[in-house]
Amino acid sequence: MTTLVLEAAVLGVLTGGVYALMASGLTLIFGVMRIINVGQGALVVLGAYLGFVLLRQWHVDPFLGLLLTTPALFVLGVALEVVFIRPLRTDRESLSVLVTYALALGIEGVLGYLFGADYRQISVWYDTATFQVGGFHVAVVYVLGFALCVAILAGLGLLLYTTTFGAAIRATMLNRAAAQLIGIDVERVSAIAFGIGMATAAAGGVVFGITTAFNPGSHYDLISRLLTIIVLGGLGSLRGAIVAALVMLVVQDVTAVLLSPTWAAFAFFVVLVAVLVARPQGLYGLRVRERI
Amino acid sequence: MRTTSVLGVAVMLTLGAPACAGGGGGSSQPITIGVSVSLDGDFSGDGKALEQGYQLWADDVNARGGLVGRKVRFKFVNDASSTQQVVTNYQNLITRDHVDLTFGPFSSLLTIPASSIASRYGYAFPEPAGGGPHVFDRGLRDVFFVQPAPVVDNLASYTRWLLSLAPDQRPRSAAYATEDDPFTQPQLDRARALLEKGGVQTVYTKVYPAETTDFTPIALAVAQSRADAVVLGTMIPDAVAFVQTFQQQRFNPRSLIETSGPDQGGQFSDKITGGNTEGVMVPAGWWPSAKTSGNDRFVRAFLARYGGDAGSISADAAEAYSVGQVVEQAVGRIHSIDNAQLTDALHSGTYQTVQGAMAFDSKGQPNGSSFLVQWQGGQTVPVYPAAVAVAPPEYPKPAWR
């Protein structure tokens with residue numbers, strides 16, 4: 001039993017890394033733009049389909065294919081922000097939920113038209129390759145996915161904390177109006193943040209597509225998980241998203257093997273509620289006081 | 001007064017629906033058959049196959065002149081695998097669209113609420129995929145499950161075969177994991193009871209929510225049990241995930257059966273690297289090379305219209321096609337599409353389908369039994385019982401490549 005629990009915990013950390021990557025874009029977009037991008041799950045699924053097509057049609061390894069898909073989705077993200085989000089001048093927070101939901105439905109519809117409703121999976125030659133640690137086998141594909149996520153999240157961290165543009169992003173996250181007052185082009189920052197969010201979704205989508213069968217409707221479950229992660233981590237906190245994703249997956253996977261899969265989601269929500277009672281702003285969220 | 005008027009209109013519409021849905025003699029209008037199919041959500045793969053099977057039958061019967069001299073056309077509406085939407089869909093099909101007949105959706109989960117609506121309006125409800133016990137224990141006489149055996153007995157061939165092995169060959173232990181789905185869970189409960197009675201010790205059993213997307217922890221626990229036989233209540237995503245995790249963990253049970261997934265041909269094997277599916281079993285009521293009524297024609301028509309190879313045809317499509325065959329024969333006997341007469345007709349007689357001959361009891365349950373299919377050499381072949389087997393079962397299951 002000890003080996004099994006340890007195995008589940010390792011699996012939780014590895015898959016948690018992937019969810020952290022997928023959620024990082026969501027929390028970044030919220031932090032900068034104060035909007036909830038409920039289309040993030042659909043963008044992950046879009047990333048999975050792109051990886052699938054590159055492999056199936058042109059035999060491009062899905063990890064290498066990210067060199068094509070992440071820049072493409074970054075550009076698409078910038079364009080979507082300019083066309084659909086920026087024009088929302090009033091009641092932006094509420095309307096953006098509808099706009100991004102429409103975006104999700106649009107992506108689902110296009111994918112459904114192109115690929116049908118069949119489940120797909122990115123089947124790479126190394127997806128059953130493993131190496132032995134202690135008494136159990138660790139799948140190489142999970143480790144590769146985790147390494148990719150760590151690399152991208154580290155890159156994102158460097159961008160945010162060591163560059164001038166990163167400082168502009170963080171300033172916008174802290175106080176959008178004040179950032180604008182000191183001369184930061186928050187519209188530009190927003191567009192780029194939205195693009196980065198989409199690029200991380202594409203990267204997460206590839207790992208998701210290798211480890212999970214997916215179809216155009218798979219985004220509904222994904223977005224509910226991603227939203228839960230960023231609420232636990234604290235809305236707008238990259239570090240919070242990473243920690244929350246790891247907590248979520250480890251708690252669920254260990255509960256699934258220790259007690260029952262039926263209790264896995266419940267156990268996580270117990271943790272979520274306990275954290276929110278103690279820290280309503282989430283693990284790393286900022287407490288905002290509003291004068292009324 | 002206003003309330004009374006609205007109620008009056010509602011009652012008229014409600015009572016009018018079955019009246020519109022009967023007879024059929026003398027009209028040259030096409031016969032419209034309403035079906036809710038799952039084109040999104042959990043059952044989207046199966047829903048699409050169902051739509052294909054229904055449409056192929058419509059093309060086929062129309063080429064023969066239709067039903068009672070009228071062409072057949074389907075009105076498909078998408079329920080997105082939702083139990084709420086499926087109710088709305090059948091309500092609309094019957095009261096707004098006034099379809100002549102209704103055929104069933106995919107899964108017991110959707111068939112249960114859908115058949116209640118059809119029954120309320122007096123519609124016969126032949127259906128291809130709702131065979132869970134609860135479908136038949138609600139006292140409805142309008143629902144007919146068009147598969148060879150009730151779902152609860154789907155694994156009967158498997159347990160019979162395992163227990164028929166020589167004692168020194170027979171598995172000593174078994175692990176069970178299933179979705180909490182009315183299609184899969186009753187099958188596993190029955191199989192476990194039969195195997196335990198036959199002396200096979202249960203070393204692991206778990207039920208997981210149908211919404212689960214990360215199956216790896218459950219698969220790890222099954223692999224850790226080191227059971228000789230593994231019995232899984234699955235659909236495609238979990239069927240694939242279990243096999244992949246077993247391969248990663250180098251876990252080779254002597255026997256592995258999944259209730260659904262391996263029967264989906266290429267949809268299953270193309271998700272597993274190198275088609276490494278040798279020895280995986282699945283219960284089935286249909287296979288492409290069966291010498292059953294209309295099967296050659298069905299397979300030819302399917303390949304001509306949708307491409308691929310015979311091994312990639314989903315059993316769901318064959319089951320949907322069978323619904324059409326059963327109704328065609330019943331209508332042929334009564335020369336009417338009146339739903340009350342059709343219900344009476346379906347309760348008697350034997351019907352020839354691509355899944356073989358079948359008849360229905362007073363609850364609409366079929367009285368046959370399904371058989372056992374195994375992946376061998378990159379394709380599925382029936383292996384048990386001997387009457388339908390084209391190859392002996394590979395036992396123990398070969399180790400993963």
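Visitor: Which residues does A:Ala23 touch, not counting those up to four places away in sequence?

Guide: A:Ala23 touches A:Leu226, A:Ile229, A:Ile230, A:Ala241 and A:Ala245, with residues up to four places away in sequence left out. Contact means that C-beta atoms, placed from the backbone, lie within 7 Å. This is a predicted model: local features need pLDDT of at least 70, side-chain atom pairs count only at pLDDT 80 or more, and totals for chains, interfaces and linings use all residues. Residues are numbered from 1 along each chain as its sequence is written, and chains are lettered from A in the order in which they are written.

Visitor: How many residues has the largest nonpolar core?

Guide: A nonpolar core is a set of buried Ala, Val, Leu, Ile, Met, Phe, Trp, Tyr and Cys residues joined through C-beta atoms within 7 Å. Buried means 20 or more other C-beta atoms within 10 Å of the residue's own. Here the largest core has 209 residues. A:Ala23 is among those with the most contacts inside it, as are A:Ala20 and A:Met248.

Visitor: How do strands of a sheet pair?

Guide: They pair through backbone hydrogen bonds, either parallel or antiparallel. Pairing here needs at least two DSSP bridges between two strands; strands are DSSP runs (E, at least two residues), numbered from the N terminus. In chain B, seven strands form an open, mixed sheet in the order S7-S6-S8-S9-S10-S13-S14. Strands S7 (201-208) and S14 (379-384) of chain B stand at the edges with a single partner strand each, so one side of each has no neighbour in the sheet.

Visitor: How many bridges join S6 to S8 in chain B?

Guide: Five bridges join these parallel strands of chain B. B:Leu232 in S8(B) is the bridge partner of B:Ala177.

Conventions. Helices (H or I, at least four residues) and strands (E, at least two) are DSSP runs, numbered from the N terminus. A residue is buried if 20 or more other C-beta atoms lie within 10 Å of its own, exposed if 12 or fewer, and partly exposed in between; C-beta atoms are placed from the backbone. Two residues are in contact if their C-beta atoms, placed from the backbone, lie within 7 Å.
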